[in-house]
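This briefing goes through a few features of one protein structure. Please look at the sequence and the 3D view before reading on.

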Amino acid sequence: MTDLRDRLGKAVFQRVAGPDGPANRARIHDTPGPRWFGPERPIRTVHGDASMFIGGLSALLLQSLHPLAMAAVSAHSGFRGDPWGRLQRTSTFLAVTTYGTASDAEDAVARVRAIHLRVRGTTAEGLPYHAADPHLLGWVHAAETDSFLRAHERYGARPLDTAGYDDYVADTARVAEALGVIDPPRDRQALARRLAMYRPELRATPEARAAARFLLLHPPVPLAVRPFYGVLAANAVALLPRRERGVLRLPRLPVVEGLAVQPAGLLLTHTIRWAMSSGSRSRPE
């Protein structure tokens, strides 16, 4: 069983962190110096849990509903041509800003801001977009934070209390401000209000539906892994807010989800957590 756990843990880590994962992990955790977040901060608890696998996929589906954000992703991110590379870059950014030194976190943010400055264009409807737009950055941040939070609340090994999740939102606000978000929410109620503010702007464009089909029906994973990915995808969909799920025309089956989908998601995250605890660190970065 130990050998199986080691092999499974290494396989998951390699997919999520990429070929430079071991070196990045050593640099992130072993470099001395002050950090943005100390060991006691909730952001470390949430971002270090296997629930992030479900929360991350759910966040992508939710973020796709803003037409300007989705147009920028569709035209510039290359998520279809190199989905694993995009995942690895995102996971590394989350790891550096959550666990790395303040200097490394600032460098990572500066690189992302430089990329955002270059990403601009026009939607099929003629609307201009710019990835550095604080309003669009605010949507991406709010959708991501809410998805990670709700995934941890439902699937996390040690869910936080109300104050803990408020502190998690406050922690993420520090990273969001560094990226260019203006006045990001700092507690859960403010996060809910911010998401509600964006709702009139959300809709399922052809690009959003194509992204959902790619992520849910045609994932870039081997056939042997498809059943496990199916569990992940079903739980990511179940995690979406009801209104946004309806906008994407994704089915809702409460009885099936309660009896089968969520228990399978809990088992999956438990298995990932077990596998990744085989090394010196259990974090998925």
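The structure is a predicted model. Its largest nonpolar core has 71 residues, and helix H8 gives the most to this core.

**Nonpolar core**
- Phe-53, Leu-61, Trp-139 and Leu-248 are the residues with the most contacts inside the largest nonpolar core.
- Helix H8 covers residues 134-155 and supplies eight residues to this core.
- In soluble globular proteins, nonpolar side chains tend to be buried together.

**Helices H8 and H10**
- Helix H10 spans residues 188-198 and packs against H8 at an angle of about 130 degrees.
- The axes of H8 and H10 are 10 Å apart.
- H8 and H10 cross in a left-handed way.
- On the H8 side, the contact residues include Trp-139, Ala-142 and Leu-149.
- On the H10 side, they include Leu-191, Leu-195 and Tyr-198.
- The residues of this contact comprise eight nonpolar, three polar and five charged.

**Two loop residues with positive phi**
- Asp-183 lies in the loop between helix H9 (162-179) and H10.
- Asp-183 is not a glycine, yet its phi is positive, near 50 degrees.
- The relative accessible area of Asp-183 is 49%, so this residue is partly exposed.
- Arg-249 sits in the loop between helix H13 (242-247) and helix H14 (254-276).
- Arg-249 is also not a glycine, and its phi is positive at about 60 degrees.
- With a relative accessible area of 63%, Arg-249 is exposed, because exposed means over 50%.

Terms used: Residues numbered from 1 in each chain as written. Predicted model: local features only at pLDDT ≥ 70, side-chain atom pairs only at ≥ 80, totals over all residues. Heavy atoms only, no water. Core = buried A, V, L, I, M, F, W, Y, C linked by side-chain atoms within 4.5 Å. Buried < 20%, exposed > 50% of the residue type's maximum accessible area, 1.4 Å probe, protein only. Helix = DSSP H or I, 4+ residues; strand = E, 2+ residues; numbered from the N terminus. Axes fitted to C-alpha atoms, helices over the stretch in contact; angles between N-to-C directions. Left-handed = near helix turned anticlockwise from the far one by under 90°. Contact = heavy atoms within 4.5 Å. Nonpolar A, V, L, I, M, F, W, Y, C, P; charged D, E, K, R; others polar.
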